[in-house]
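Visitor: I would like to learn how to read charged pairs in a protein model. Please take me through them.

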Amino acid sequence: MDNIAINANAKVNLLLDVVGKRADGYHEMRMINHRLELSDMIQCKKTGAGISLKADSAQIPVDERNLSFKAAKRLLEFCELEEGVEIILEKKIPHEAGLAGGSSDAAATLLGLNQLFDLGLSIETLAQIGLTIGADVPYCLHQETALVEGIGEKITPLVSIGSWPVVLIKPEIGIKTSWAFSQLGDLNKLDHPDLDAALFHLDKKDYLKVFEVVGNVFEGPIFSIHPELKKLKETLLEYGALAANMTGSGSTIVGYFADEGLARRGYQKLLLNNKCCFLTKTC
């Protein structure tokens, strides 16, 4: 095998909570994550030596600032490989959106190179490498509905959320993760989502009950600064979404629909005033 292509699916948080802060400055998280059909495409080709990366967007860095580049470098160093690789990145997932686009690209690169060079590394080993690249990379390697805890390294597979039509709105606002965490303040004063209730209902496959408790601890502080994001959430609910919330630290708002026709009508209305809007599904 001289080349391989692999999808890098967007990740969203069905629920996201921040439950503490560690001595090293990292925050302790509890999240229920799942994937979307919306994805980037990663192509990896063997070369004589070194790493090169090409992207279909001028906004994407093609050096070590890129998480795919970083993933390739870490993996080649870990396995002491002298061969090189060319990575071609086709982007569909928007940046600074809370959709883990860069982390998913890095995870896909690790998976792709593991197959391309027939390395035989386990997901657990790849996840250890991935955690040095970004907190979301280990989850993106597992690719299933899961409870994610700690700083992203503790992953417990859950009952699948199933297939639901989803509308994403990514406003022009870009939110840096570090800034979002700086806005949390006293964790005891935040509105925390009921993640344990969601776990109970998900285990019973009572998805409508799960949607009743969807939430994100970042919404309170970020909506107070960017009320337009709260308005987008309210609009999705007005258009018939079963639930809507902000994913990650923002700024993308996710709406879950029971009916594809209803989701499509909401999507078409939202497109009139939102340049970056997607109709996709959970997977």
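**Salt bridges**

Guide: The structure holds 13 salt bridges. A salt bridge is a side-chain nitrogen of Lys or Arg within 4 Å of a carboxyl oxygen of Asp or Glu. This is a predicted model, where local features need pLDDT of at least 70, side-chain atom pairs count only at pLDDT 80 or more, and totals for chains, interfaces and linings use all residues. Residues are numbered from 1 along each chain as its sequence is written, and side-chain values use heavy atoms, with hydrogens and water left out.

Visitor: Are E219 and K233 buried or exposed?

Guide: Buried means under 20% relative accessible area, exposed over 50%, and partly exposed in between (1.4 Å probe, protein chains only). Both E219 and K233 are buried. Their closest N and O atoms are 2.8 Å apart in a salt bridge, which links helix α8 (residues 219-225) to helix α9 (residues 227-238).

Visitor: How far apart are the closest N and O atoms of K275 and E172?

Guide: They are 3.7 Å apart, in a salt bridge. K275 is exposed at 78% relative accessible area, and E172 is exposed at 71%.

Terms used:
Helix = DSSP H or I, 4+ residues; strand = E, 2+ residues; numbered from the N terminus.
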